[in-house]
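Please consult the sequence and the coordinates together while reading.

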Amino acid sequence: MSKRTIPKIALVGNPNSGKSSLFNHLTGLNQKIGNFPGVTVDKKTGICNLDATHKAEIIDLPGTYSIYPNSTDEKIVFDILGNKNNPLHPDIVVVIVDASNFKRNLLLFTQLYDLHIPTVLVLNMMDIVEKTGLSIDEKKLSKELGVPVIPMKARKGKGVDVLKNTLLNDMDYHFSPIFDARSHAPEAIDSVKEMFSIEEDYVAYQMLQQHRINQSLTQNEKNLLTDLVEKHNFSRDDLRRKETLDRYAAINHFIDGSVKENFTTLPKHWTQRLDRIFTHKIFGYAIFFLILFLIFQSIFAWAEVPMDLIDLTFSELATWLSNTLPPGVLTRLLTEGIVPGIGGIVIFIPQIAILFAFIAILEETGYMSRVVFLMDKIMRKFGLNGKSVVPLISGVACAIPAIMATRTIENWKERLITIFVTPLMSCSARLPIYTILIALIVPDRSLFWFINLQGVALMGLYLLGFLAAIISAWVMKLILRSKERSFLVMELPTYKMPRWKNVGITMFEKSKTFVFEAGKIIFAISIVLWVLASYGPGDRIDKAEEVVMAETQNQQLTERQLHNKIESYKLENSYAGIFGKTIEPVIKPLGYDWKIGIALITSFAAREVFVGTMATIYSIGETDDELTIKNRMKREINPDTGGPRYSLATGSSLLIFYAFAMQCMSTLAIVYRETKGWKWPLIQLLYMTALAYVSAFIAYNIFS
Amino acid sequence: MNTRSVVDLTPGESGIINGFMDDTLSLKLLEMGCLPGQPIKYNFAAPLGDPICVSVSGYNLSLRLDEAITISIQ
């Protein structure tokens with residue numbers, strides 16, 4: 001095996017050009033999702049076996065129409081390709097174009113070609129090309145362009161082997177720029193080439209065009225470039241317009257003779273017919289809401305069985321470990337902190353996987369862009385963008401991927417508002433809390449013969465979250481000032497059957513990312529929580545047994561009851577218990593006592609901790625048995641009133657608190673990274689907590 | 001001078017792109033294949049009348065009305 005590093009190959013192309021299909025064919029499950037250095041844009045890389053002995057690292061870059069970026073997503077393409085010192089700068093670029101939509105797709109190719117990186121052109125969707133009567137002479141085209149041209153049907157995997165072969169061989173590569181940048185601004189380009197020791201005209205030209213957004217430059221270098229732009233009268237927009245027109249002229253020249261267009265027979269009947277239904281005045285919205293309803297139903301209905309199974313497995317594992325391992329602090333940390341902590345993460349996999357399967361299908365089929373199309377005008381009234389619909393829907397599973405999905409929104413203000421309000425959507429972590437509390441305060445009765453009251457309450461909480469998000473967005477629209485224009489120039493792709501392999505890989509990858517990214521934080525927090533709940537100041541915890549024994553010696557207690565009393569006493573005197581008592585005056589107006597206070601504090605890190613904390617607080621050994629917790633909570637008496645602790649007032653107050661409060665460290669962390677600062681996550685934390693507090697206070701007073 | 005824009009078309013009608021009335025938007029529209037001299041067809045509008053769907057250089061594009069009005073046609 002050779003010692004030298006394996007070649008890096010970047011995949012670039014327009015959105016909907018079949019890039020992810022090709023990526024999946026090349027790498028299969030050898031994929032890794034991470035973040036590009038410094039930004040939260042998904043970085044998909046994978047290892048491809050070019051043949052038995054040669055491997056290559058494939059980097060999937062975000063889909064873009066041009067090297068001039070409009071969104072955070074697209075910026076990455078130039079950051080990596082335009083800078084030879086970037087650690088991800090590829091050895092070869094594979095440009096994948098939708099051959100059935102030739103000209104527009106070739107624009108990006110001509111730009112990348114001029115950056116002078118060895119380039120391979122993949123003509124995808126040749127199956128559609130064949131059907132439409134369009135004909136492409138790829139040999140002639142290859143000769144014209146001076147790069148290998150490979151016809152492909154990525155959906156069926158046809159042409160992938162030819163591509164691998166081409167990548168293995170040294171490419172016969174004659175470079176002559178397609179757009180002669182130098183002729184438009186010779187002096188400015190020469191100065192840049194000298195200053196930064198760059199060889200290619202177009203790279204230098206791009207430095208002049210885009211230095212303000214170039215991450216690899218220091219402020220000083222940016223200032224130097226700005227001076228050059230001014231000194232040489234380098235009029236960026238005019239040149240860029242000229243460049244685009246020049247490139248299209250060159251494209252027309254290249255394809256003259258090798259491509260015969262015949263648009264009259266494009267098989268778009270299906271797309272036209274389906275659009276008539278999906279964007280219909282009434283059916284359009286009806287179908288959209290029906291699909292949403294189906295997604296919710298599936299998340300809740302299908303996920304239940306695997307979630308119960310995971311829950312059972314982890315509690316069995318904890319029991320088995322505590323029976324097998326010698327007793328001690330480490331075993332307790334393992335069985336009470338780490339194993340339940342991991343279980344708390346893993347249990348969300350089914351819901352996340354189902355949700356992402358649906359989102360992948362909606363995107364694969366082309367329906368998602370119709371949703372954006374349908375909702376844009378409504379969303380705009382609230383300071384959002386049609387594209388905000390996607391994060392808001394995803395927010396129902398988890399705010400973290402949802403916030404990452406906002407990066408396709410080009411307008412900064414609209415993107416910020418979307419990031420700000422997405423955590424108000426009821427995520428899956430709120431579901432266990434909703435379920436338990438609703439069961440405590442809402443009778444399990446049917447309103448008519450089909451509407452279940454508890455179901456209505458659950459639906460109401462989701463609606464409440466949605467309304468809060470929309471209204472907050474509208475308020476932010478009034479507060480935030482921005483001169484930046486809002487765009488919605490978006491391709492409406494033709495409808496396609498989803499590729500199930502892609503859906504499966506998306507499900508797998510997103511679940512994996514969730515477990516490892518969000519998991520790390522939840523895992524750390526559950527250990528910290530365990531420590532806080534297990535230790536207290538002084539010797540109060542150590543003396544717990546003595547104290548409880550002394551107090552209860554006259555009572556006839558079973559061993560289990562005694563054990564529970566001791567655990568309960570320990571918790572009360574642990575650091576967590578002391579915190580709970582400290583904040584009691586603050587939460588008393590909401591109808592909570594110190595025990596709920598502990599749950600509030602612990603679940604500030606992540607909401608799903610609530611149920612586990614409740615279980616510990618009410619001194620039940622097994623945190624996994626919801627019915628037991630529920631029964632215990634039901635029997636809990638409020639000493640002030642003599643009635644149940646979880647009355648309608650306290651219960652609804654808690655429900656509303658959990659619907660609104662920003663109780664998720666991971667979300668705060670992701671907002672910090674997406675907005676590059678603490679300002680927005682802190683405002684978000686304060687705003688949501690205040691909203692939760694005030695609303696819970698109102699709810700408590702209405703119902704008590 | 002009486003310039004017509006894409007929004008003056010009726011659904012199903014086509015025009016030839018003449019130029020752009022907004023400099024910033026024209027950069028993006030050019031890159032998306034809206035080239036002077038190319039035919040552009042108004043397909044349909046979203047249920048609330050905005051955005052609209054047009055066909056240009058062989059594919060469908062959605063635009064808001066205030067974006068479409070900047071594309072002048074012959």
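The following paragraphs treat the overall form of chain A and then a sheet that involves two chains.

The model described here is predicted. In chain A, the secondary structure amounts to 30 helices and 10 strands.

| Property of chain A | Value |
|---|---|
| Box of the C-alpha atoms along the principal axes | roughly 100 × 60 × 55 Å |
| Accessible surface | about 32,100 Å² |
| Distance between the mean positions of positive and negative charges | 5 Å |

Of the 704 residues in chain A, 55% are buried. Carbon and sulfur atoms hold 61% of the accessible surface of this chain. The charges of chain A number 74 positive and 68 negative.

Strands of a sheet pair through backbone hydrogen bonds, in either a parallel or an antiparallel manner. Here, an open sheet of 7 strands with antiparallel pairing runs in the order E10(A)-E5(B)-E4(B)-E3(B)-E2(B)-E6(B)-E1(B). Its edges are formed by strand E10 (490-492) of chain A and strand E1 (4-5) of chain B, each of which pairs on one side only.

Within this sheet, strand E4 (residues 52-56) of chain B is joined to strand E5 (residues 59-63) of chain B by 5 bridges in the antiparallel sense. Opposite Cys53(B) stands Ser62(B), a residue in E5(B).

How values were computed
Residues are numbered from 1 along each chain as its sequence is written. Chains are lettered from A and ligands numbered from 1 in the order in which they are written. This is a predicted model: local features need pLDDT of at least 70, side-chain atom pairs count only at pLDDT 80 or more; totals for chains, interfaces and linings use all residues. Side-chain values use heavy atoms; hydrogens and water are left out. Helices (H or I, at least four residues) and strands (E, at least two) are DSSP runs, numbered from the N terminus. Buried means under 20% relative accessible area, exposed over 50%, partly exposed in between (1.4 Å probe, protein chains only). Accessible areas come from the Shrake-Rupley method with a 1.4 Å probe; for residues, only the protein chains shown count as cover. Lys and Arg count as positive and Asp and Glu as negative; His and the chain ends are not counted. The place of a charge is taken as NZ of Lys, CZ of Arg, CG of Asp or CD of Glu. Two strands pair if DSSP finds at least two bridges between them.
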